[in-house]
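Q: I have a chain open here and would like to talk it through. Can you take my questions as they come?

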Amino acid sequence: MNNYSLPPFKIKMVEPIKLISREERIERLKKAGFNPFRLKSEDVFIDLLTDSGTGAMSHFQWAALMMGDEAYAGSRSFFRLEETVKDITGYKYVIPAHQGRGAEQVALPNLIKRPGMYVISNIHFDTTRAHVELAGGRAIDCVCKECFDLELDYPFKGNFDILKLESLIKQKGKENIAAIIMTITNNSAGGQPVSLANMKEVNRIAKTNGIPVVIDGARYAENAYFIKLREDGYQNKTVKEIAKETFDLADIFLMSSKKDGLVNIGGLIAIKDNEEFFRLCQVRVIPMEGFPTYGGLSGRDMDALAVGLKEALEEDYLQYRLDEIRYLGDKLQAGGVPIQYPTGGHAVFVDCGAICPQIPFDQFPAQVVCNELYLEGGIRAVEIGSLLLGRDPDTHENLKADKEFLRLTIPRRTYTLEHLNYVAECLIKVAKKGPQFKGLDFVYESPILRHFTAEFKPKE
Ligand code: F0G
C-alpha cells in the first residue's frame, strides 16, 4: 500500500450496490444479447464501463448547483463557467455543449469543409471518428509505434508518430487535411499520455502546413499530471501551468467534461482567437445544442462544471487518481493478466488477444472476456477492440484493431481499493480460463457505433 497515495477525500454520501446471484447474472446477460451495454445498472455490482459522467461530485460542487441561474440567455452560471475556462485555457471564446459529442457535432463540420477531407489524430475516440465521418470526412490514426508494444516501459505511449504525420500530410495534400486532433490522454491507446515535446512538434508541422490543431481534451488534466511526473523540465511546474502550455499548442479545445470536468454531464468548445470559427460554431450550436450561453446544459450543470474543472487540476487528487489505476494494474500484472503497461490515466487496458488467442478478431475476444467477467463477479467492463472499431466506411469489411482490449474504467472518486482488489481477483480467475472461451456472432448490428446496441449469440 505504501507505494500508493491515499484518497484526499472522505465519503459523505453512499449509494448501495448489490451482487445478484450467478444464476441471475447468466439470465440477465443472455437477455442483454451478450452485450454489457444493454444490462440494467441495478444488475451490475461494480460498474467499470466508463469513467464518463460516473464520478462523485464534491460538496463544493453540490453547493454550487444551488447557485444555478436558469435564465435561457446570459445566465450568471455561464459567465462563471466562461471565466474558469478562459482562465485555464487562455482562450477567448467559450461555448458549452451537453457533452463531448455535442461539442464535436457543432465544431467538426465547420472544419471539414468538403467531403473527403482528412482528419488526423493520434487515435480518434469513437464518437469523434463518427462525427468526422458524418461530416463527410475520413479519420486517420497516427499513433507512435511504441503504443502497441504493451510491455514496453515508455512514458508517452499516446504520442503521435511525427514522421508518419509529416508523410501523411505530404501524401494526402495539406489542403485536404481539415484538422489535426490531439487526443489527450489518448483514450483508445490505454489512457496513455502525450508529451509536450510531441505536441510542440505536431503544432509546428500543423502551422507550417496551415492546418488547425484541435485538442480533444476530455482528460487533459490527467495528461498534464503525467507530464509533471515524466517529462524532463516540468517537475517544478504546476499542473495548471502545464495545462496552459498544452492549450497554447492548439487552436480549438473540445471537451467531454464528464471526465476531467468532474461532472455527470457537460461539454465544452473553446476557441483560442479565431472569431470567424467562433461565429460558425455559434450558428450551429443553436439548432444542435441550444442557445450559446447554455448549449444543452442547465445553469446548475454549468456551475458544477466551473467548480469541477478547478478541482480536477488539484495535484493531490491527480496523484491519487493515477495511483489507483496503477494499483489495479499492478495487482493484475502480479496475477499474470497481460495489460497495457505502464497504466494510463483513467483505466487499465487488458490484452484479451493474449488471453484467448483462439478467438478471431471478428468474433470479439475482448467482448467475450467482458461477458465472462460479468458472470464471474457482476463487474461490467467494456470492449475497446475490433467491435468498437467497426467496419470500413467504404468496403464495409470488419476492421481489425491493433489490440483486443478490455477496459476497466475507473470512475473518479467512486470506488475503494477493496473494490479494485475484488475486480483484480475476479479477472485473474477469468483470464486463466481464457483458452476455453468461444467467440460471438452478431444477432443485430447497427450501421454506426455498433458496440452500444449490438446483440450477439455465443458460437456453438
Ligand atoms: N473524446 C474522448 C477522448 C472521449 O473519451 C469521449 C468519451 C468523447 C470524446 C465523447 O464525449 O461521451 O461526453 O460525448 N468517452 C467516453 C468513454 C464515453 O467511455 O471513453 P461524450
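Q: How many residue pairs are in polar contact across the interface of domain 1 and domain 2?
A: This is a predicted model, and across that interface the rule finds 20 residue pairs in polar contact, with both residues at pLDDT 80 or more.

Q: And which elements give two or more residues to the side of domain 1 that touches domain 2?
A: They are helix H12 (315-334), strand E9 (347-351), helix H15 (386-389) and strand E12 (405-409). The largest share of that side comes from H12, which gives six residues.

Q: What is that side like by class, nonpolar, polar or charged?
A: The side of domain 1 that touches domain 2 has 16 nonpolar residues, together with seven polar and 11 charged ones.

Q: How many salt bridges are there between domain 1 and domain 2?
A: The count between the two domains is seven. Elsewhere in my notes on salt bridges is the pair Arg 412 and Glu 222, whose side chains meet at 2.9 Å, N to O.

Q: Back up a bit, where do the domains run?
A: The domain assignment gives domain 1 as 22-51 + 314-458, in two segments, and domain 2 as 59-311. The contact between them takes 34 residues from domain 1 and 42 residues from domain 2.

Q: How far apart are their C-alpha centres?
A: The C-alpha centres of domain 1 and domain 2 lie 26 Å apart.

Q: How much area do they bury between them?
A: Domain 1 and domain 2 bury about 3,000 Å² between them, and 56% of that is on carbon and sulfur atoms. On the side of domain 1, Glu 315, Leu 318 and Gln 340 supply 18% of the area it buries against domain 2, which is more than any other three residues.

Q: Last one, what about the chain as a whole, how many helices and strands?
A: The chain has 16 helices and 14 strands. Its radius of gyration is 21 Å, close to the 23 Å that the globule rule gives for 460 residues, so the chain is as compact as a globular protein of that length. Along its principal axes the C-alpha trace spans about 60 × 55 × 45 Å.

Key:
Residues numbered from 1 in each chain as written. Predicted model: local features only at pLDDT ≥ 70, side-chain atom pairs only at ≥ 80, totals over all residues. Heavy atoms only, no water. Domains from an automatic or database assignment. Contact = heavy atoms within 4.5 Å. Buried area = accessible area lost by both parts, 1.4 Å probe. Salt bridge = Lys/Arg side-chain N within 4 Å of Asp/Glu carboxyl O. Polar contact = N/O pair within 3.5 Å; in protein donor to acceptor, adjacent residues only side chain to side chain. Helix = DSSP H or I, 4+ residues; strand = E, 2+ residues; numbered from the N terminus. Nonpolar A, V, L, I, M, F, W, Y, C, P; charged D, E, K, R; others polar. Rg over C-alpha atoms; globule rule 2.2 N^0.38 Å.
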